[in-house]
Structures are given as C-alpha cells and as structure tokens.
Amino acid sequence: MNADGSALVTAPTMVAADRRETRRYLLLLLPALLTLGTFFVYPLFGILLRSVYKNGYTLESYRQIVRTSVYLTVIALTFRTAAVVTLIALLLGYPLAYVLATVRPRLARVLVVIVVLPFLTSIIVRTYAWMVLLGRNGVVNQYLVALGLTQAPLPLLYNQAGVVVGMTYVLLPFMVLTLASVMRGIDPALVRAAHSLGASRWQAFRRVFLPLSAPGIAGGTLLVFILSLGFFITPALMGGPSDVMIAMLIEREVEFTLNWSFASALGVILLALTLIGFAVYYRLMRLERLFEGLG
Amino acid sequence: MSQTRREQMVLARSTGVSRRHLLAGTAAALATASMPIVWPRRASAAGKVVLRTIGGAYEEAVVKAIVEPFTKATGIEVVKVPATLGKLLAMFESGNIELDVVDAGELGMISLSQKGALEKINYKGWKLANPDDMDPFIRRDDMVGDIYFSSVLGYNTQAFPTGKQPRSWAEFWDLKKFVGPRMLADLASGNIDLEFALLADGVPKDKLYPLDIERGFKSLDRVRPAIRKFWDTGALSAQMLADKEVVLGSIWNGRLQAVADKGAPLAIEWNEASLQSQYWGVLKGAKNAENAHRFIDFACQPEPQANLAKLIPYGPTNRQAFKSIPADVAARLPSSPEHKARAFLQNGKWWADNRAKVSERWSQWLLQKG
C-alpha cells in the first residue's frame with residue numbers, strides 16, 4: 001500500500017515544504033517497510049529459492065507441476081471457489097455495510113461489535129459449529145424435515161455448498177468492514193441533493209451512492225478474494241472428497257510428503273497467478289481510486 | 001486528495017466509530033487468536049523437558065498416566081507443546097530445537113529418522129524399565145514404541161445391530177448388502193486406507209506389502225459412491241460417526257471408544273484391523289536431552305503403560321504391562337492376543353518410501369469424479 005507514498009513523491013507540483021513533508025512521511029513508513037521486508041519479503045525470497053533448490057539447483061518441482069493436470073486443475077478450482085465466495089460475500093455484505101454506515105452512531109457501534117465478534121473464536125471451533133448446524137442430522141435439516149419442507153435431509157455439508165457457506169461466513173466481516181469504512185466517507189448531502197433534483201430512491205442509489213462506494217467494493221472484493229485463495233481449514237473440514245483447494249495440497253507437501261521444494265514451487269505459482277489476477281483487476285477496476293480514497 | 005480524507009475523518013467522528021477504532025478492535029481480536037501457546041514458566045530446580053503432544057483424549061491420558069507421575073517422582077517439569085511433523089523438521093533444519101521428546105506415529109518417526117533428526121535411544125542407561133521387556137518390533141535404534149493402536153472398522157449399532165455388521169472390508173465394500181453412507185481416511189490423517197481396499201479386493205492379509213497402488217485405487221473406485229467424506233483428523237472421524245453423518249467407517253479404535261463410552265451407539269469390528277505403532281524419540285540437539293532420556297525410561301515401565309491403557313484403549317509395548325491390566329481392559333486393546341491375531345501390522349516403512357507417489361495419485365483420484 002505504499003502507492004500513496006510514491007504518488008506523493010511523483011506529484012509534479014512539489015515545493016520544498018512539500019518535499020520535507022514527504023520525507024517525514026517516508027520516515028513514518030520506515031518501521032512498516034522494515035517489518036515487511038524482514039518478515040515477509042525476505043522469507044518470500046527463501047521460498048522462491050527453495051522452489052528451485054533440491055540437492056542442487058533444478059526446475060524439477062516446476063516440471064512436476066506441469067507433468068500432470070492435477071495441480072493446475074486444483075488451482076483453477078481454487079480460483080473458482082474464491083470467486084464464488086467473493087461474489088456472495090459482496091451480495092450479503094453490501095446491504096449490511098450500508099446499514100452500518102448510515103444508522104445512529106450508538107447502534108452502529110453495537111453492530112460493529114457483532115460483525116467483529118466471530119474473530120474472537122477460533123476458526124476451527126466456528127467451522128465445527130457450522131458442521132453441527134448443516135449436518136445430515138443437524139439443526140437445519142431437522143427443522144426442514146420437521147416442517148415438512150423436505151422429505152429426506154438435504155446435502156448441505158461435505159460438498160461445494162458447504163465450503164462456500166463456511167468460507168463466506170468467515171470472510172464476510174472483512175467485506176463488511178472495508179465497505180462500511182468507504183461508505184461512511186460518502187457525504188449524505190450528495191444523496192439528498194440527488195433527491196432534490198428529482199431522482200427516485202433507486203436512481204439516487206444507483207447514480208450517486210453506488211459509484212461513490214466503488215472503491216469499497218474494489219477493496220472488499222480484492223481482500224476477500226485473496227484471503228479465499230489461501231483457505232485451508234474450512235474446505236478441509238466442510239468440503240467433499242473432490243473439493244480440494246491448493247492450500248490443502250501445499251500443506252500436504254509440507255507435512256506429509258515433506259517435499260518442501262515442491263511445496264514452495266506450488267506456493268510460487270499460486271503467488272504469480274494471484275499477482276497476474278491482481279494486475280488485471282487493477283486495470284479493470286481502476287484500483288488507484290481505492291488508494292486515493294485512503295490517501 | 002487530502003480534502004476527501006478530511007471529510008472522511010469528520011464524518012467518522014460524527015458517526016462515533018472511526019476506522020481506527022475498527023482496526024484497533026480487529027487487531028486486538030487477531031492478537032488474542034494468535035496468542036503464543038507456550039507461556040514462559042519458571043523452570044524448577046530439577047529442570048524441565050519439552051514434550052511434543054498431539055492432543056485429544058490421548059493427550060489427557062498421557063498426562064494422567066505418565067507426565068504427572070514422572071514430575072512427582074523426579075521433580076522435572078514437563079512442558080507440553082503441540083507441533084506438526086513439518087514444524088519438527090523445520091526446527092531440526094534451522095538448528096533451533098525447542099523440543100526434546102517426540103511422540104509420533106511410525107511414519108512420522110521414520111521420516112524424522114531418515115533425515116537424521118533423532119538421537120539414539122539410550123537403552124543401556126535405562127534405570128527403571130527393562131529394555132528386554134520391550135516388544136522387539138518397536139525396540140529400534142533411535143525410537144522406542146509407546147503404544148499400539150488400530151485403525152478399525154467402526155459401525156453404528158442402530159444401523160447395524162452387533163451380529164449384523166460387516167465382518168470384513170470386503171463386506172464394507174458391499175454397498176448393496178450394507179446400505180448407508182461411509183467414511184475412509186484421507187491422506188492428511190497419515191495414510192489412506194489402501195490396505196483395506198486391497199483386502200476388500202481379495203489380497204490376503206499376509207501378502208499386502210508392497211501395496212499394489214493401482215489395484216488399491218481401482219478397488220476404492222467401487223466404494224467411492226458411498227463415501228461421504230474422507231476424514232483427515234481423528235476428531236472429525238469421531239464426530240461424523242457420532243452425528244450419524246456416516247454409519248460405517250475406518251476409525252482409530254481409541255477415538256471410537258471415547259465417544260462410545262460417552263453413550264454413542266457405536267461399536268468396533270476387530271477383524272482385519274490395521275495395527276499401528278507409535279513411538280518416543282529424542283530430537284537431535286535437544287536442550288534437555290538427559291531429562292528426555294529419563295522421561296522415556298520412566299514412560300516405558302510396565303506400570304505407567306498399564307495405567308495409560310486403563311485410561312484410553314491403546315495397547316502397551318512393554319510385555320510386562322499386561323500383567324497389571326485387568327481382563328476387561330485388555331479385551332478392548334488392539335494388541336490383545338485375540339485382536340492381534342485378526343489384525344495385520346501396518347508397514348510404516350512402505351508408506352515412508354512411497355508417499356510422494358501415493359500423494360500425487362490420491363489428488364488425481366479425488367479430482368477425477370465428483
């Protein structure tokens with residue numbers, strides 16, 4: 001996110017005072033940059049190195065990835081699941097964020113606590129809770145059968161649907177908080193102005209509020225999508241046999257086959273594809289607006 | 001640019017919840033979630049020993065039967081740390097060994113051994129247990145067996161009253177005669193149930209190894225329509241059977257017993273069980289190596305082993321231990337003479353040598369059909 005830092009540096013109308021301010025900003029950035037460099041960038045290079053090193057430099061691990069279709073298929077499945085989860089989180093999160101951003105402050109505070117509350121419990125506990133709810137003899141199915149809505153229990157768990165429900169639930173707060181922070185910055189007077197100029201509620205929303213909240217949509221979907229790509233516990237517990245996600249394969253290479261070079265190579269491929277996806281998305285959504293909003 | 005920001009800040013203040021509040025709240029929540037598991041504690045005068053644990057009902061039993069009596073007898077504090085196999089190896093590779101005693105299944109131990117991460121077991125220095133009493137199969141150079149457990153055919157007694165349950169893996173594979181959802185093990189649990197698949201396909205118990213991987217997967221094809229889930233942890237397998245998500249499945253005998261003892265209508269078919277061994281070992285470079293060897297010596301005595309078997313039905317490796325185990329407890333152990341005769345001994349070495357091949361084939365197989 002140092003994009004706003006560099007944007008400041010390259011601003012054409014820079015005077016001496018501005019330059020001093022810039023230097024101060026860079027100084028403020030320094031701790032974060034050092035931390036990221038030490039604990040993120042440096043280990044990342046380690047992984048890159050490990051992916052081409054196995055008793056000597058070799059591309060064997062990458063050859064193994066393309067030798068069969070398994071790994072690329074799993075990566076494709078992972079991206080698909082992430083996209084579905086992101087879309088559902090957006091559809092569920094947008095109205096919630098809207099309420100959060102527009103209700104009375106005291107109520108908003110309560111709502112924020114409710115949204116953040118799930119973070120206080122371990123993800124494994126929450127996933128097991130979903131399994132109790134969605135199982136063949138779980139609470140949801142018992143109600144459905146008792147109410148006569150279905151004859152036999154529905155397959156809600158151990159399939160793609162279970163994975164999507166579980167992941168959406170875990171990731172929804174990230175979407176809501178990102179959206180709400182942007183929505184709170186939208187001046188309500190603008191919507192009122194639209195009304196006074198004859199716009200219907202829907203028109204005012206679609207032509208004024210929605211475009212202004214676009215940076216939130218861009219940021220929220222990006223955050224949820226990228227977090228989805230690395231998901232591991234929820235699909236492992238709630239998915240069916242063929243709901244394999246790439247993080248599960250990487251974990252298996254680390255913990256079971258102990259082929260860390262191959263695990264690293266899978267990680268590098270995933271990172272590369274994610275970065276490509278990010279670049280495309282950046283172009284499409286003109287994400288620089290997101291950083292402007294934050295700057 | 002700065003104009004927008006100022007507006008945002010004003011608005012944030014007016015609504016009472018600033019982004020900073022949100023972030024602070026989230027950060028606090030994350031900090032709680034990632035709190036370090038090892039809390040620094042004052043070491044006692046006798047020093048300490050750091051033990052790798054694997055959780056569940058087994059860990060509770062180990063604490064009661066071995067850890068607490070050991071600390072009482074020696075004054076040595078035992079610090080329990082959960083760690084995965086990957087983490088143990090990472091510790092070894094980086095030279096930053098935070099653990100002394102490892103307790104792990106045969107496959108994991110062979111992996112550590114192959115990387116040269118294990119110290120030799122100091123049998124000659126044992127003062128409490130007699131090395132000659134240890135079962136020769138588990139008395140190895142750099143590891144010594146602590147328990148026997150079995151992967152068994154578990155069934156729900158409401159779906160199949162005892163006497164009408166599948167009596168073999170071939171019957172487990174018979175989807176018409178025994179109707180109902182099933183589970184088998186995922187590779188993440190340590191191994192997939194290739195042995196059971198081969199037994200179901202007619203391979204005799206004593207001719208299993210080396211496993212015919214392709215034949216095993218062909219056999220798995222036949223049972224797959226009835227498989228609801230491949231379980232990756234003992235906890236998941238127990239929950240699926242207890243919740244009646246499945247009515248039949250492979251499961252570790254101790255996990256099934258723990259829920260059955262709490263009243264779940266579950267039982268074990270002991271025929272063709274996969275008998276497996278688990279081991280103590282000392283990591284090379286352990287900071288408290290001497291205490292680690294003392295701990296293992298203590299743990300291998302008949303008495304603690306018998307006490308462990310009373311708490312959780314995993315079999316002792318010290319042959320003298322059976323003397324102090326009551327008959328009703330012995331009857332539940334996977335290594336009791338009766339159960340042992342009907343089981344086969346899993347070959348951890350084969351799994352260690354073939355895991356890369358099996359892993360890739362397993363992923364392929366999972367994806368090929370929905």
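This is a predicted model: local features need pLDDT of at least 70, side-chain atom pairs count only at pLDDT 80 or more; totals for chains, interfaces and linings use all residues.
**Strand β7(B)**

I started with burial. Five of the five residues of β7(B), residues 248-252, are buried, so the strand is largely enclosed by the rest of the structure. I took buried to mean 20 or more other C-beta atoms within 10 Å of the residue's own. I then looked at the faces separately. Side chains in a regular strand alternate between the two faces of the sheet. On one side of β7(B) I found B:L248, B:S250 and B:W252, and on the other B:G249 and B:I251; both faces are covered.

Next I looked up the neighbours. β4(B), residues 144-156, pairs with β7(B) in the antiparallel sense, over five bridges. In that pairing I noted B:G154, whose bridge partner in β7(B) is B:G249. β5(B), residues 182-185, runs parallel to β7(B) and is joined to it by two bridges. Here B:M183 stands opposite B:G249.

**Domains of chain B**

I noted the division of chain B: domain 1 covers 48-148 + 277-345, and domain 2 covers 149-276 + 348-368. Their C-alpha centres lie 26 Å apart. I looked up the contacts between them: 25 residues of domain 1 touch 23 residues of domain 2. On the domain 1 side, the elements that each supply at least two residues are α3 (56-74), α5 (106-114), β4, β8 (266-282), α14 (337-342) and β9 (344-345). The largest share, five residues, comes from α5(B). By class I recorded 13 nonpolar, eight polar and four charged residues on this side of domain 1.

Note on methods:
Residues are numbered from 1 along each chain as its sequence is written. Chains are lettered from A and ligands numbered from 1 in the order in which they are written. A residue is buried if 20 or more other C-beta atoms lie within 10 Å of its own, exposed if 12 or fewer, and partly exposed in between; C-beta atoms are placed from the backbone. Helices (H or I, at least four residues) and strands (E, at least two) are DSSP runs, numbered from the N terminus. Two strands pair if DSSP finds at least two bridges between them. Domain bounds come from an automatic or database domain assignment. Two residues are in contact if their C-beta atoms, placed from the backbone, lie within 7 Å. Ala, Val, Leu, Ile, Met, Phe, Trp, Tyr, Cys and Pro count as nonpolar, Asp, Glu, Lys and Arg as charged, and the others, Gly among them, as polar.
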